[in-house]
Amino acid sequence: MSGGLLVAGTTSDAGKSVVTAGICRWLVRQGVKVAPFKAQNMSLNSFVTREGAEIGRAQAMQAQACRIEPTALMNPVLLKPGGERSSQVVLLGRPVGELSARGYHGGRQQQLLGTVLDCLAELRGSHDAVICEGAGSPAEINLRRTDIVNMGIARNAGLPVLVVGDIDRGGVFASFFGTVALLSPEDQALVSGFLVNKFRGDVSLLEPGLDMLHGLTGRRTYGVLPFRHGLGIDEEDGLRASLRGTVRESVVAPPVGADVLRVAVCAVPLMSNFTDVDALAAEPGVVVRFVDRPEELADADLVVLPGTRGTVRALDWLRERGLAEAIVRRAAEGRPVLGVCGGFQILGERIEDEVESGRGRVDGLGVLPVRVRFAREKTLTRPVGEALGERVEGYEIHHGVAEVTGGEGFISDGEGHHLDGCRVGAVRGTHWHGSLESDGFRRAFLREVAAAAGRRFVPAADTSFAALREEQLDRLGDLIEQHADTDALWRLIESGAPQGLPFIPPGAPA
């Protein structure tokens with residue numbers, strides 16, 4: 001059995017995903033054969049593996065950090081929220097049904113523990129190390145009995161636990177201490193130490209607190225990672241997308257042409273795979289923002305309707321807020337609109353949905369001659385085609401089946417045969433997520449948008465989205481290598497939790 005580690009967090013968004021990716025990239029640069037793992041992921045941002053399995057995008061990103069292909073083993077359970085109280089359960093890459101939160105935590109989750117442990121064991125049997133990511137906090141005492149992603153997996157697999165805390169939020173020392181003190185003696189024995197994330201300032205001012213934390217808990221801090229802009233790649237949860245911030249904070253080059261392009265992304269409910277617009281944001285001179293009011297579309301050169309886990313619900317939301325009318329008017333004026341997956345379906349004439357919403361027949365916005373019928377089976381593929389004279393790759397994750405009754409096809413097989421999507425004037429739609437990551441296609445698409453918008457925008461000739469992503473992953477690896485005690489971290493991965501770690505009262509309630 002290989003070495004292993006569970007990266008837990010004091011809270012959601014503490015930085016578990018990026019720290020896990022950073023550790024993976026650091027290890028692979030040392031010649032270690034490493035794989036990521038997250039037993040259970042709740043996310044609307046997902047990805048399709050080569051074998052046609054749906055997993056969280058965070059694990060796909062972590063697999064890239066390991067320089068290996070992602071597989072369903074790396075994220076055996078994926079929960080895709082469909083509302084406040086229910087989620088689609090994806091098991092080993094395939095949807096197996098809808099469950100309420102009570103139904104899942106009331107028994108189904110614990111039933112999946114054997115599957116989760118089998119997947120982890122298979123990965124550990126074929127890799128030198130497996131770096132696991134937890135979810136939320138390990139001290140969620142109301143969920144501990146059925147937990148399969150934090151201390152539940154750590155206890156069953158004998159994994160040492162590293163707790164990450166976001167110091168930028170404040171209260172990190174209390175969070176570290178409280179996390180340990182709310183665990184049972186058996187769980188505490190695996191909590192090996194802490195990692196401070198997003199620190200700004202002079203580390204010497206923090207060190208007395210770290211010494212006191214060690215004295216109080218008997219556990220060391222394995223590193224203090226400085227705050228860095230632009231490292232939030234492939235977030236887990238579209239529900240927490242900022243509406244009015246830029247998509248990414250990374251610094252890019254100035255525009256190549258005389259004008260910039262302004263892209264407005266409608267922040268629809270249950271927005272999924274909003275990472276599709278990251279490739280646009282990476283282009284010099286492209287400004288991307290999320291919007292939720294019709295007046296915010298006025299100065300946009302391109303409006304994007306992204307994917308959503310609730311197509312009919314998103315359509316209702318667009319109408320309620322006046323965005324639907326603004327989009328229809330925009331299409332009639334010949335101004336660019338792009339719909340991706342659920343957004344593509346919304347742009348069509350009608351939707352027949354007895355699967356996702358159960359609403360039956362619903363009128364779409366009617367700007368594309370497309371009729372959509374929701375099928376019980378989910379389409380999960382990794383297609384390749386051609387659009388705008390350029391090769392384009394993507395991945396499909398949808399129940400909706402589109403019948404295109406007019407207009408022009410958007411993506412073909414390169415020999416004139418229609419593969420996907422539709423275009424009428426400056427309005428385009430496609431089911432393919434990730435298509436904008438294809439550099440040549442993205443540049444051709446932006447040239448068309450600029451021409452339709454009357455902007456003197458010129459796409460950069462040398463922007464490589466894949467190279468930018470690799471640079472970001474290397475930056476994460478650098479953070480670990482330069483600001484963590486990597487010798488101590490490797491001993492933890494290789495040998496497990498230190499012996500004799502003290503119990504911190506009161507422990508988990510009975």
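Predicted model: local features only at pLDDT ≥ 70, side-chain atom pairs only at ≥ 80, totals over all residues.
A search of the whole structure returned two cavities of 30 Å³ or more. The largest cavity holds about 190 Å³ of space. Its lining consists of 20 residues, and those closest to the centre are Thr308, Arg309, Glu356, Ile397 and His398. Four secondary structure elements each contribute at least two lining residues: strand β17 (307-308), helix α12 (342-346), strand β21 (370-381) and strand β24 (396-404). Of these, β24 provides the largest share, with four residues. The lining of the largest cavity is made up of 13 polar, four charged and three nonpolar residues.

The second largest cavity has a volume of about 30 Å³. Leu338, Phe410, Thr430, Ser435, Leu436, Phe441 and Phe445 form its lining. Here the division by class is five nonpolar residues, two polar residues and no charged residues.

In soluble globular proteins, nonpolar side chains tend to be buried together. The largest nonpolar core of the model comprises 64 residues, and the members that touch the most other members are Leu297, Leu318, Ile327 and Leu347. Another core, of 48 residues, lies apart from the largest one and includes Phe37, Leu112, Val116 and Ala497. With residues up to four places away in sequence left out, the contacts of Leu297 are Ala264, Cys266, Val291, Val303, Leu323, Ala326, Ile327, Arg330 and Arg335.

Phe199 belongs to strand β11, which spans residues 191-199. The relative accessible area of Phe199 is 12%, under the 20% cut-off, so this residue counts as buried. Beyond four places in sequence, Phe199 is in contact with Ile167, Leu206, Val224, Leu225, Pro226 and Phe227. The C-alpha atoms of Phe199 and Val367 are 48 Å apart in space, and the two residues are separated by 168 residues in sequence.

Ser43 is buried, with a relative accessible area of 1%, and Asn45 is buried at 0%. The side chain of Ser43 reaches the backbone nitrogen of Asn45 at 3.0 Å. The side chain of Asn45 in turn reaches the backbone nitrogen of Phe274 at 3.3 Å.

Helix α2, residues 57-65, is mostly covered, with eight of its nine residues buried. The buried positions of α2 are Arg57, Ala58, Gln59, Ala60, Met61, Gln62, Ala63 and Ala65. After α2 comes Arg67, which has a positive phi near 60°.

How values were computed
Residues numbered from 1 in each chain as written. Heavy atoms only, no water. 1 Å grid on protein atoms, 1.4 Å probe; cavity = no way out; pocket = protein on both sides within 12 Å on 5 of 7 lines; lining within 4 Å. Points joined across faces, edges and corners; volume = space filled by probe spheres on them. Nonpolar A, V, L, I, M, F, W, Y, C, P; charged D, E, K, R; others polar. Buried < 20%, exposed > 50% of the residue type's maximum accessible area, 1.4 Å probe, protein only. Contact = heavy atoms within 4.5 Å. Core = buried A, V, L, I, M, F, W, Y, C linked by side-chain atoms within 4.5 Å. Polar contact = N/O pair within 3.5 Å; in protein donor to acceptor, adjacent residues only side chain to side chain.
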